[in-house]
Amino acid sequence: MRRAGLGEGGPPGSYGNYGYAGSGYNACEEENDRLTESLRSKVTAIKSLSIEIGHEVKHQNKLLAEMDSQFDSTTGFLGKTMGRLKILSRGSQTKLLCYMMLFSLFVFFVIYWIIKLR
């Protein structure tokens, strides 16, 4: 003997032994539709948010690439400057010391002259 399952052998609208009426089924369908629409709106919001995040990531990567090139050029500039300073420091130290002493004496006499005129 074969048993009747859901929807088999029962009167239309009774769904087996559970006895769901058409109105109960419609209420479930309406709730499912409402939840589906809510889920659809949330998925749409998440999709738009992820697209905006993607645009922001592309923009930030572009800025980082520009900064990287600027840092590279600055590093080259500082390297050249350090090379020039090394060349300058290899020169005669006595000549540099003499220039520093003459400059200090000049500044001292200018200050003395300004104080004496007051």
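Predicted model: local features only at pLDDT ≥ 70, side-chain atom pairs only at ≥ 80, totals over all residues.

Student: How many helices and strands does the protein chain have?

Tutor: Two helices and zero strands. Helix 1 takes in residues 22–90, and helix 2 runs over residues 93–117.

Student: Let's take helix 2. How far does it reach, end to end?

Tutor: From first C-alpha to last, helix 2 reaches 36 Å over its 25 residues. That is close to the 36 Å expected at 1.5 Å a residue.

Student: Does helix 2 lie in the open or is it covered, and why?

Tutor: Largely in the open, because the number of buried residues among its 25 is zero.

Student: What does UniProt annotate around there?

Tutor: The unreviewed UniProt entry carries the annotation "transmembrane region" for residues 96–115. In the model, that stretch is 100% helix and 0% strand, and its end C-alpha atoms sit 29 Å apart.

Student: Which residues make the nonpolar surface patch?

Tutor: F103, F106, V107, V110, I111, W113, I114, I115 and L117. Together they form a patch of about 940 Å².

Student: Take L117 from that list. Where is it, and is it buried or exposed?

Tutor: L117 lies in helix 2. Its relative accessibility is 60%, so it counts as exposed, the cut-off being over 50%.

Student: Switching topic: how many salt bridges does a search of the whole structure find?

Tutor: Two. One joins the side chains of E31 and R34, at 3.5 Å from N to O. The other joins E37 and R40, at 2.9 Å from N to O.

Student: Why would such side chains pair at all?

Tutor: Opposite charges can pair when the charged atoms come close.

Student: Where do E31 and R34 lie, and how many residues apart?

Tutor: Both are in helix 1, three residues apart, which is about one turn of the helix. E37 and R40 are also in helix 1, and they too are three residues apart, about one turn.

Student: What about accessibility, starting with E31 and R34?

Tutor: E31 is partly exposed at 42% relative accessible area, while R34, at 51%, counts as exposed.

Student: And E37 and R40: buried, partly exposed or exposed?

Tutor: E37 has 43% relative accessibility and counts as partly exposed. R40, at 48%, counts as partly exposed too.

Note on methods. Residues numbered from 1 in each chain as written. Heavy atoms only, no water. UniProt positions renumbered as here; feature names shortened; annotations may be inferred. Helix = DSSP H or I, 4+ residues; strand = E, 2+ residues; numbered from the N terminus. Patch = residues over 30% accessible without salt bridge, like charges linked within 9 Å, V, L, I, M, F, W, Y side chains within 5 Å. Areas by Shrake-Rupley, 256 points an atom, 1.4 Å probe, with all protein chains shown as cover. Salt bridge = Lys/Arg side-chain N within 4 Å of Asp/Glu carboxyl O. Buried < 20%, exposed > 50% of the residue type's maximum accessible area, 1.4 Å probe, protein only. Expected span 1.5 Å × (residues − 1).
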